[in-house]
Amino acid sequence: MPEVLLVDDNPTQLRARAAVLREAGFSVRTAGMADAVFDLLRGPAFTAGLRVIVPDHVMPGVGGAVFVRELRRASSVPVVVVSGLVEAEEEYAGLEVHFLPKPCLPEDLIHQVRDALQKNARSA
């Protein structure tokens, strides 16, 4: 079962997305802040099954674009960024991310995560 990491400072959004992806058959982990994820990513037990990261764009501290730039220094794991700011997509240029505008339907989230997994499997 593919492991998905959701990152969002909004607990309601985090729970809703987690429920959608679990219902679709994904194993889901959550983090409320991007800063906390960097510590998690240092642990091989955590990263062993990690297949997709889904961060929100706007978060306190380290926002989505900064988070993905830092992530890309050490990992090519697929990323699906969720944002209510369509213009934010420009900030991810060259970072190889999927961009999902909010509000998004559950099936759109599922599709984007599956698409990221398939593209990653083809490039591996």
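View 1. On β2, its bridge partner is Arg29. β1 and β3 (residues 50–55) run parallel and are joined by five bridges. Five bridges also join β1 to β2 (residues 27–31), again in parallel. Strands pair here if DSSP finds at least two bridges between them. Helices (H or I, at least four residues) and strands (E, at least two) are DSSP runs, numbered from the N terminus. Residue numbers start from 1 along each chain as its sequence is written. Local features need pLDDT of at least 70 and side-chain atom pairs pLDDT 80 or more, while totals for chains, interfaces and linings use all residues; side-chain values use heavy atoms, without hydrogens and water.

View 2. Five of the five residues of β1 (residues 3–7) are buried, so the strand is largely enclosed by the rest of the structure. Glu3, Leu5 and Val7 lie on one side, Val4 and Leu6 on the other, and both faces are covered. Buried means under 20% relative accessible area, exposed over 50%, partly exposed in between (1.4 Å probe, protein chains only). From β1 the chain passes through helix α1 (residues 11–23) to β2, a right-handed β-α-β crossover. Right-handed means that, with the strands pointing away from the viewer, the path from the first strand over the helix to the second runs clockwise.

**View 3. Aromatic pairs.** Two aromatic pairs are found in the whole structure. Phe38 and Phe67 form a tilted pair, 5.3 Å centre to centre with 45° between the planes. Phe38 sits in helix α2 (residues 34–41) and Phe67 in helix α4 (residues 64–72), 29 residues apart. Phe67 is buried, at 0% relative accessibility. Tyr92 and Phe99 also make a tilted pair, with ring centres 6.0 Å apart and planes at 50°. Both Tyr92 and Phe99 are buried. Rings of Phe, Tyr and Trp (its six-membered ring) pair if their centres lie within 6.5 Å; planes under 30 degrees apart count as stacked, over 60 as edge-to-face and the rest as tilted.

**View 4. Ser83 in strand β4.** Ser83 belongs to β4 (residues 79–83). It counts as buried, at 1% relative accessibility. A polar atom of its side chain lies 2.9 Å from the backbone nitrogen of Leu85. Leaving aside neighbours within four places in sequence, Ser83 is in contact (heavy atoms within 4.5 Å) with residues including Asp56, His57, Phe99 and Pro101.

**View 5. Pro101 in strand β5.** Pro101 lies in β5 (residues 97–101). With a relative accessible area of 38%, Pro101 is partly exposed.

**View 6. Gln112 in helix α5.** Gln112 is found in α5 (residues 106–123). It is buried, with a relative accessible area of 17%. Beyond its neighbours within four places in sequence, Gln112 is in contact with Val80, His98, Phe99 and Leu100.

**View 7. Confidence along the chain.** The average pLDDT (the predictor's confidence in each residue, from 0 to 100) is 89, and 94% of the residues score at least 70. Helix α1 has the highest mean, 96, and helix α3 (residues 44–47) the lowest, 69. Where pLDDT is low, predicted coordinates should not be read in detail.

Technical notes:
Polar contact = N/O pair within 3.5 Å; in protein donor to acceptor, adjacent residues only side chain to side chain.
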